[in-house]
Amino acid sequence: MLEVTVTQIRPGNYVNMERGIYEIVEYQHVKPGKGGAFVRLKMKHVENGSVLEKTLDGDASVSQVEVMEESSQFLFRAGDTCTFMKLQTFDQIELPITALGKQAGFLKADLEVKLVECEGRTLGIKFPNAVDLKVMETPPGVKGDTVTRGTKPATLETGFVVQVPLFINAGETIRLDTRTGDYVSRV
């Protein structure tokens with residue numbers, strides 16, 4: 001771990017705070033006209049996904065953690081456990097489904113992800129920004145419903161339910177943003 005001032009960290013860095021290792025999601029440096037500068041951080045716990053918002057003085061120090069990201073492939077899900085294979089060494093890593101949070105709904109066979117590791121311990125998964133999934137079931141769109149930008153629920157091949165535009169039909173493949181879970185486009 002490397003001790004740095006809070007002004008040196010940026011989104012995507014990892015820090016060790018009081019309750020574990022966090023990934024910096026948002027960073028805002030504020031310099032008011034009166035008083036000293038401060039930094040607002042929005043951080044996500046890498047193991048349980050909880051979000052922590054913290055405000056620190058501009059001269060405060062934090063412990064920055066060096067992590068490695070290793071390319072891996074999702075193999076299968078067995079009960080509450082997901083199995084991934086490291087593409088370099090072919091080692092298999094098992095993670096509880098709870099460690100993935102809402103993003104577990106994007107897991108399909110052969111999806112390439114990055115395993116985030118620190119000191120030989122797997123902390124979590126980084127998904128690609130977008131994934132393509134097939135729509136298995138959705139109610140048909142009714143003619144005339146396209147006047148407004150309406151949406152309808154669609155069940156995907158992974159069992160995940162997402163809101164899609166009315167013109168999407170069962171059997172089509174759509175692209176989803178893994179950070180927000182929103183529909184992006186038809187593929």
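The accessible surface of the protein chain, by the Shrake-Rupley method with a 1.4 Å probe, comes to about 10900 Å², of which 49% belongs to carbon and sulfur atoms. The model is predicted: local features need pLDDT of at least 70, side-chain atom pairs count only at pLDDT 80 or more, and totals for chains, interfaces and linings use all residues. Residues are numbered from 1 along each chain as its sequence is written, and side-chain values use heavy atoms, without hydrogens and water.

Of the 187 residues, 39% count as buried, that is, under 20% relative accessible area with a 1.4 Å probe, protein chains only. The radius of gyration, taken over C-alpha atoms, is 20 Å, whereas a compact globule of 187 residues would have one near 16 Å; the globule rule is 2.2 Å times the number of residues to the power 0.38.

The chain has 0 helices and 16 strands; helices are DSSP runs of H or I of at least four residues, and strands are runs of E of at least two, numbered from the N terminus. In strand β8 (residues 81-86), 5 of the 6 residues are buried. Strand β8 pairs with both β7 (residues 68-78) and β9 (residues 92-96), where pairing requires at least two DSSP bridges.

| Strand pair | Sense | Bridges | Bridge partners |
|---|---|---|---|
| β8 and β9 | antiparallel | 5 bridges | Thr83 and Glu94 |

Both pairs are hairpins. Between β7 and β8 lie 2 residues, and Gly79 in the turn has a positive phi of about 70°. Between β8 and β9 there are 5 residues, and Phe90 takes a positive phi near 65°.

Methods
Buried means under 20% relative accessible area, exposed over 50%, partly exposed in between (1.4 Å probe, protein chains only).
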